[in-house]
Amino acid sequence: MSIDNEGTENYSTRARVYLEKLESLDKEIINGIKKLNKIEYVAEEPSWSYFAKDYGLEELAIIREHEEDQLSPEKYKTIKRLFDSRRRKVIFTNTASESSAVNTIAYDNHAAIYEIDSFETGTANEDAYEILIRKNLMILKEAFGIKEN
């Protein structure tokens with residue numbers, strides 16, 4: 001059973017063009033972060049774990065696995081120990097977050113908080129994904145001191 005045989009060529013062309021855009025975006029990300037040997041951070045939540053894995057970033061710890069999770073003393077101590085051994089202390093939080101746990105950890109450890117967009121906000125249009133990834137890439141570069149040429 002076919003739904004739209006007349007549109008097959010159009011759909012295939014659009015899919016090919018979009019895949020080319022994604023490949024270009026992938027190269028842009030790789031080139032954007034390759035200037036650093038090691039990118040380590042603590043995340044408020046696991047929404048960017050896949051990105052870290054795909055691009056060789058090291059997610060040292062996740063403050064809370066689920067929105068309703070509270071910061072336990074054990075988790076706090078673990079994050080404190082991780083930050084104690086690092087010069088650059090970065091926490092990535094979601095743009096929609098208002099977590100007092102993140103603020104406490106950042107304050108106590110002299111860590112910088114950077115808001116990344118986990119695609120829960122914004123407008124839905126054909127370029128939304130690319131725009132948000134580029135915005136997050138700029139934030140990542142800022143967090144780790146990568147200067148634009």
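Mentor: Let's start with Lys135, which is partly exposed at a relative accessible area of 37%; here buried means under 20% relative accessible area, exposed over 50%, and partly exposed in between, using a 1.4 Å probe and protein chains only. Before we go on, please keep in mind that this is a predicted model, in which local features need pLDDT of at least 70 and side-chain atom pairs count only at pLDDT 80 or more, while totals for chains, interfaces and linings use all residues. Residues are numbered from 1 along each chain as its sequence is written, and side-chain values use heavy atoms, with hydrogens and water left out.

Now for the partner of Lys135. Its side chain meets that of Asp117 in a salt bridge, at 4.0 Å from N to O; the term stands for a side-chain nitrogen of Lys or Arg within 4 Å of a carboxyl oxygen of Asp or Glu. This pair links distant parts of the chain, 18 residues apart: Lys135 is in helix H5, and Asp117 is in the loop between S4 and H5. Helices (H or I, at least four residues) and strands (E, at least two) are DSSP runs, numbered from the N terminus. While Lys135 is partly exposed, Asp117 counts as buried, at 2% relative accessibility.

The idea behind such pairs is a simple one: side chains of opposite charge can pair when their charged atoms come close.

Next, look at Lys21, which is partly exposed at 30% relative accessibility. One of its salt bridges is with Asp127, at 3.5 Å from N to O. Here the partners are 106 residues apart, with Lys21 in helix H1 (residues 8-33) and Asp127 in the loop between strand S4 (112-116) and helix H5 (128-143). Asp127 is partly exposed as well, with a relative accessible area of 29%.

Lys21 also forms a salt bridge with Glu130, where the closest N and O atoms are 3.9 Å apart. Glu130 lies in helix H5 and Lys21 in helix H1, so this pair ties together parts that are 109 residues apart in sequence. Glu130 is buried, with a relative accessible area of 7%.

Stepping back, Lys21, Asp127 and Glu130 belong to a network of salt bridges together with Glu28 and Arg134. A search of the whole structure finds 9 salt bridges.
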